[in-house]
Amino acid sequence: MSTARINMLEFESEEDLNQRAAMYQREAPELFPNAEILLTIKTGPTSAMSVSIYPDEKSAEESLIRRNKHFKAAEVQPREAWYLVGEVVQRHVK
C-alpha cells in the first residue's frame with residue numbers, strides 16, 4: 001500500500017515561500033525519484049502544504065533522509081515545519 005507524507009510549512013514572508021516553492025519545483029523530482037506524486041499547495045500568503053506519495057513505507061522512509069538534508073541545506077528556511085505520515089487508502093487521479 002502507498003505511503004503519504006504531508007509537510008506543513010510556514011515562512012516569514014510570501015517572498016520566502018515563493019522562492020522556496022520555485023526551488024522545490026526544480027529540484028523535487030530529482031531529490032525524490034521514488035515519489036509517485038509530488039504536490040504542493042499554497043494555503044496562504046506565507047504557508048504551504050506538500051503531499052508526497054511513495055509506493056511503500058520503505059521508499060517513504062528513504063526519502064525522509066533526503067528531505068532532512070534538503071531542509072538543512074536550503075537557503076530559505078521555513079519559520080515552522082512539521083509533517084505527518086500515513087497510509088494512502090484512496091487515490092484518484094484524472
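Which element gives the most to the lining of the largest pocket? In this predicted model, local features need pLDDT of at least 70 and side-chain atom pairs count only at pLDDT 80 or more, while totals for chains, interfaces and linings use all residues. Residues are numbered from 1 along each chain as its sequence is written, and side-chain values use heavy atoms, with hydrogens and water left out.

The answer is α1, with seven residues. Helices here are DSSP runs of H or I of at least four residues, and strands are runs of E of at least two, numbered from the N terminus. At least two lining residues come from each of β1, α1 (14–31), β2 (37–44), β3 and α2 (57–73). A pocket is an open set of points on a 1 Å grid over the protein atoms alone, where a 1.4 Å probe fits, with protein on both sides within 12 Å along at least five of seven lines; lining residues have an atom within 4 Å of a point. The lining comprises 25 residues, and those nearest the centre are Leu9, Ala21, Tyr24, Thr40 and Ser50.

Serine 50 belongs to strand β3 (residues 47–54). With a relative accessible area of 5%, Serine 50 is buried, a term that means under 20% with a 1.4 Å probe and protein chains only.

Leucine 9 stands opposite alanine 48 in β3 and opposite alanine 81 in β4. Strand β1 (residues 3–10) pairs with β3 in the antiparallel sense over eight bridges; pairing requires that DSSP find at least two bridges between the strands. β1 also pairs with strand β4 (residues 80–87), again antiparallel and over eight bridges.

Notes. Buried < 20%, exposed > 50% of the residue type's maximum accessible area, 1.4 Å probe, protein only.
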